[in-house]
Amino acid sequence: MEKRIRILVAKPGLDGHDRGAKVVAQALRDAGMEVIYTGLHQTVDQIVNTAIQEDVDVIGLSIMSGAHLPICEKLLKEMKKKKIDDIMVVVGGVIPKRDIPKLQKIGIEGIFPGGTPFAESIRWIKEHVKTTIEV
Amino acid sequence: MGVAKYIKNEKDEVQDVTLQSGIHIKPIYTKKDLEEIGFDPEKDLAPPGEYPFTRGIHPLGYRSREWTTRQYTGFGTPRETNERFKLMISHGQTGLNVAFDLPTQMGLDSDDPLAEGEVGRVGMAVDSLRDFEVAFQGIPLDRIGAGLTINAVASIMLAMFQATAEKYGFKKDRMNATPQNDILKEMIGRGAWIFPVKPAVRLIGDTIEYSMKELPRTNPVSVCGYHIRESGCSPVQEIAYAFQIANAYIEEVLKRGHHIDDFVRGFTFNLNVFGNLWEQVAKFRAARKLWAINLKERYGAKDNRSLLLRGIFGGGGYGMTKAQPENNIIRGAYYALAAALGGGQTTALCSFDEAYTIPTPRAALLSLRTFQILMEEIGLRDTVDPLAGSYFIETLTKQMEQKIVEEMKKIDEMGGMIKAVETGYVQKEVARQAYEFEKGVQKGELIKVGVNKYTEGEEMEVELHEYRQESVKEQTQRLQEVKRERDNRKVVQLLKDLEIAVRAEKNVMPYLLECCKAYTTVGEMTKVFKEVFGEFKEPSIF
């Protein structure tokens with residue numbers, strides 16, 4: 001039996017616009033994933049620690065303020081420092097097209113700008129996450 | 001986005017229309033509909049300017065006074081923002097609506113590690129009075145009113161605005177500020193909260209009480225159904241929740257022993273305009289009537305001026321799309337039309353590029369021109385409440401009214417808005433509807449032009465506002481300068497005085513004013529509040 005994907009939906013930084021995060025969290029849950037939502041105003045440290053404690057497969061960041069590049073860089077650096085290599089990071093929110101290659105370059109694997117159909121991001125996550133077989 | 005659900009038959013005829021508020025629209029309305037819903041022209045429709053104000057709060061509407069235009073403006077440093085204010089005013093804008101960056105909204109100074117990456121990004125950075133001096137330099141603050149989109153630290157920003165106005169020689173009884181100052185809606189929808197519910201509401205009470213005594217032309221609260229609607233609720237709930245939030249603030253002031261007629265005139269509303277045109281217009285008309293009834297019947301207001309729902313009707317952010325962004329110019333024009341037909345006193349519009357980032361000057365000016373065309377070219381100043389008496393609009397207004405009353409009752413039964421927010425009831429309700437709505441769009445049940453229909457055509461490039469990294473450096477340098485030049489011993493003493501006042505539950509406004517005048521920073525004042533109050537914990541809604 002395939003393990004259920006555990007995903008941390010996280011709102012990093014100071015921005016409080018959480019409609020997107022909450023909508024996506026509900027969609028991921030309806031798609032059979034186990035969703036943990038951090039709530040607002042999370043620092044990168046808090047997000048990484050929650051991800052470790054909750055033993056998630058994926059961190060999904062929701063960023064609307066335009067600060068996606070500095071926040072993602074910081075998060076990946078922190079994960080590297082803590083030697084975490086089995087958690088995938090995806091990001092959604094207000095992401096201009098021109099920033100997509102920049103995000104990919106720093107190592108963000110899945111990028112879902114506002115308006116991405118649920119089915120598309122769910123399929124992407126299911127295809128890319130490294131699920132293990134439960135014995 | 002907020003469009004209605006349409007059911008069509010095989011001949012592509014519209015069979016049924018359901019508004020987001022759950023009301024079905026009929027193909028034809030007649031006198032019979034008015035009779036069935038119990039429409040009473042005497043009770044429901046007094047002339048404009050008379051109770052219950054369904055038709056408007058002024059006898060002559062826009063004939064006597066055009067609406068105030070206030071585009072949401074602010075980015076980077078106070079200097080850059082001041083230039084943009086002046087540009088907008090030189091093009092005929094008649095008020096200001098100040099956007100603050102997220103660190104400022106969260107009570108953090110620009111050099112705080114938590115502010116990294118956010119300084120000056122979605123609004124202007126404000127650390128101390130020096131920044132307000134720069135931002136409002138050369139603006140006639142007795143003539144141009146300023147909306148301040150600030151909530152958790154609104155008390156601080158109101159004090160800072162007063163200090164600025166006085167410094168530039170404007171008397172405090174002439175200055176006209178409208179801090180947003182609605183923390184309950186931040187907890188429901190916009191997320192810029194800091195302190196727990198009760199002390200946060202207490203601070204709002206302080207600003208209302210202080211304005212009542214010291215700042216007669218200031219509107220200390222702008223209750224925002226706007227952001228709750230942006231977060232997913234229906235237009236009916238937008239009004240019901242806004243009124244119940246307002247009632248929570250009213251009760252905070254009443255318990256201090258003041259009479260409703262002494263302070264409630266300072267309340268204004270910020271309401272949204274996207275969605276079905278008719279639903280919006282009926283919403284505004286029903287809201288005006290219910291607000292008057294709420295004040296009169298629930299709180300015993302006697303002064304007619306207490307009963308007026310004044311507000312900024314505008315924005316429409318959630319209706320705007322990233323796809324085919326130029327369509328947003330057209331949407332904006334219709335949203336502004338809804339605001340005008342609804343009789344708003346003030347307006348603002350999200351610009352066509354705001355689904356991407358904050359607006360360029362070109363986009364902001366297009367929004368301003370939209371208002372000017374409506375008022376000066378198209379005929380929206382001609383007559384008051386032009387849709388009054390329509391079988392359809394009057395029926396819909398009554399239906400909206402009944403539904404708003406039902407929603408308000410749900411909150412009453414829960415023990416009021418503070419309880420409904422602390423338990424997460426409203427947040428859950430809003431998130432659920434946001435999800436349902438998005439599913440409707442993705443399934444194609446709710447049509448969004450350019451998003452799920454008529455998506456052909458090439459993707460267009462939009463000119464985008466550029467975030468200047470140098471702004472951060474300029475801002476933190478000015479902060480350091482201020483800290484070097486001010487009387488630091490005095491600042492320490494004033495912060496101590498503030499803390500004593502907060503602990504003694506005194507009105508904090510006079511203490512904040514002194515702190516601001518001595519160039520105490522927003523971060524320093526907020527820290528005092530945080531130490532005494534602690535921080536809000538979001539109720540878990542999943």
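The model is predicted. Chain B holds 22 helices and 12 strands. Its 542 residues would, as a compact globule, have a radius of gyration near 24 Å, and the 23 Å found for chain B agrees with that.

**Overall form**

- The C-alpha trace of chain B spans about 75 × 60 × 50 Å along its principal axes.
- Buried residues make up 54% of the 542 in chain B.
- Among contacts in chain B with a separation of 6 or more, 77% are between residues 24 or more positions apart.

**The sheet β5-β6-β7-β8**

- In chain B, four strands make an open sheet with parallel pairing, in the order β5-β6-β7-β8.
- The edges of this sheet are β5 (72-73) and β8 (177-179) of chain B; each has a single partner strand, so one side of each lacks a neighbour in the sheet.
- Two bridges link β5(B) to β6 (residues 95-99) of chain B, in the parallel sense.
- Thr73(B) has Val98(B) of β6(B) as its bridge partner.
- Across β7 (145-149) and β8 of chain B lies helix α7 (residues 154-167), which runs at about 165 degrees to β8(B).

**The nonpolar core**

- The largest nonpolar core comprises 193 residues, and Tyr249(B) and Leu512(B) have the most contacts inside it.
- Helix α11 (residues 235-254) of chain B contributes the most to this core, with 12 residues.
- Beyond its neighbours within four places in sequence, Leu512(B) is in contact with Ser155(B), Ile156(B), Ala159(B), Leu498(B) and Met525(B).
- Of these partners, Ser155(B), Ile156(B) and Ala159(B) have numbers that fall within helix α7 (residues 154-167) of chain B.

- Val421(B) is part of helix α17 (residues 417-422) of chain B.
- Val421(B) has 28 other C-beta atoms within 10 Å and is therefore buried, the cut-off being 20 or more.
- Residues up to four places away in sequence aside, Val421(B) touches Leu184(B), Met187(B), Ile188(B), Val197(B) and Val426(B).
- One of these, Leu184(B), is 237 residues from Val421(B) in sequence, yet the two C-alpha atoms are 7.2 Å apart in space.

**Backbone details**

- Most residues other than glycine have a negative phi, and most peptide bonds are trans.
- The peptide bond joining Tyr51(B) and Pro52(B) is cis, with omega about 5 degrees.
- Pro52(B) sits in the loop between α2 (41-44) and α3 (61-64) of chain B.
- Asn181(B), which is not a glycine, has a positive phi of about 55 degrees.
- The loop that contains Asn181(B) lies between β8 and α8 (183-190) of chain B.
- Asn181(B) counts as buried because it has 28 C-beta neighbours inside 10 Å.
- Tyr454(B) is a residue other than glycine with a positive phi, near 55 degrees.
- Tyr454(B) is located in the loop between α18 (425-443) and α19 (469-485) of chain B.
- Tyr454(B) has 13 C-beta neighbours inside 10 Å and so counts as partly exposed; a residue with 12 or fewer would be exposed.

Terms used: Residues numbered from 1 in each chain as written. Chains lettered and ligands numbered in written order. Predicted model: local features only at pLDDT ≥ 70, side-chain atom pairs only at ≥ 80, totals over all residues. Pairing = 2+ DSSP bridges. Contact = placed C-beta atoms within 7 Å. Axes fitted to C-alpha atoms, helices over the stretch in contact; angles between N-to-C directions. Core = buried A, V, L, I, M, F, W, Y, C linked by C-beta atoms within 7 Å. Rg over C-alpha atoms; globule rule 2.2 N^0.38 Å.
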